[in-house]
Amino acid sequence: MIKTSFINPFSQEAKKIITEKGSIESIDKENNELIDTIIHTPNQLQDDQYIAHTYKDLAIQRFNYHVLKNIKEYKNEQYQYLFNLEINEYDIVSFYILMQAIAISYGSNSQVAKNLLDSEKEIIERRLNILESQPNDYYNQYLQNTLNEMIDTKNLYWDDIQNLLNKNIKLNELILDKGKVIIDYEDFIEVYGDKLKNRNAYSVYSVFIGFNFKKQLIISLVQENTQKYMEVVNEKASKMVEVDPIILTIADELEKSLDKARQEQYSGNLKGGYSLQDNKPIPYDLEAFPPCARKCIEGIKSGGRNDAIVLFLTPFISYARLYPGIFQIDQKIKISDVDPKLNITNEEVIPRIYEAANSCKPPLFKDQPQEKININSKLGFGMNTELSLEKEGETQWYTPMSCEKIQLHMPSLCIKNKDCQKIGNPLTYYNRKRKLLQRKRNKEGQKQ
């Protein structure tokens, strides 16, 4: 039978593989057996740039399989080896390397960690789809064996997996008997057998429980174990004096991949032979700031300080630096999506907001220190005193308010100029002005 570690990287067999082959010294060492396995994978694209030579290469490409799937040069044939049974041992080592690199450099709740969870789900689903070609009895037994390594399928109650519900599994999809989740065919027959006279019991079982439920439960459990493993690594890493440089190098490569994916999806191309990116952090162009932002930065008098700094300036300043093109996409994002380590946020965004707050008369935090918490809340980190990846998502990262709302709630901020015509949001003003200024600068540069 196919090894369950092909699906479950937390099995006892997988842990044994890590003990035997997962030394830090082997991560960046060329592995001829790995190369040979990839080259001889059916339908694998035979291009050296897609051939992993080391565990490090394999870890990065395993991450890229999911993250880069929407870029133009993506070819499914680049990653055929991920679904070759012979890759199993190398794949397990690379997966643990990925978990460690992400947990140490970004944290277990970061967007990079979420990408790993999504990637693992996609890989497991495709591997199980391949195994579905096996006879039903074999496939069902394989799923059952995999689950038996992860949970006690004979004594599983719905509240044991309530943290998994509404992810890959819905409560109304469970077959329950007095709170117990029915998984095994034998248990199904014991509870419902007398109600299935003159019917094919196994067919009924397959419809109501069958392969799909077991498949989704396995995926959910692997994702949960992945999250827990990264939490443990992250906690241990906080006590470490020094992290091996190879782990940090891998983390940097993952960030490059995410950046490449963002550029492909939301690139802002302009006429005139140049482009300005709106989908990633860019330096502030203070000359392009709208009048309302300029006035707020210079300092607000008592009476309108709180709303001006917290409700208006905080979203504007944060998006202008981290993701000016937010209105080009139809989705919510977190700061860690574009600033995974929060370095830019802590070193540039927060200081600029605080500088404006201190320029108020009187300084905002002098008599309103709680507004620092409200600023964190508007950035998406909940009502907490510090920005922390673990707390991110407790609130939403507020988008900049519209010109209409500013005129309604903070009319003293609105100082229109000719560039404000047909503009509905200060961030739109900033993007348009920034690009016009860049075009002007390019022309002036060509004349010199």
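Me: Why is Asp 184 called buried?

Reply: The model is predicted: local features need pLDDT of at least 70, side-chain atom pairs count only at pLDDT 80 or more, and totals for chains, interfaces and linings use all residues. Residues are numbered from 1 along each chain as its sequence is written, and side-chain values use heavy atoms, with hydrogens and water left out. Asp 184 has a relative accessible area of 4%, and buried means under 20%, exposed over 50%, partly exposed in between (1.4 Å probe, protein chains only). Asp 184 is therefore buried.

Me: What makes Asp 184 and Lys 154 a salt bridge?

Reply: Their closest N and O atoms are 3.1 Å apart. A salt bridge is a side-chain nitrogen of Lys or Arg within 4 Å of a carboxyl oxygen of Asp or Glu, so the pair qualifies. Lys 154, at 37% relative accessibility, counts as partly exposed.

Me: How do you know that Lys 3 and Glu 13 form a salt bridge?

Reply: The closest N and O atoms of Lys 3 and Glu 13 are 3.6 Å apart, so the pair meets the limit. Lys 3 has a relative accessible area of 43% and Glu 13 has 27%, and both values make the residues partly exposed.

Me: How many salt bridges are found in the whole structure?

Reply: The search finds 17.
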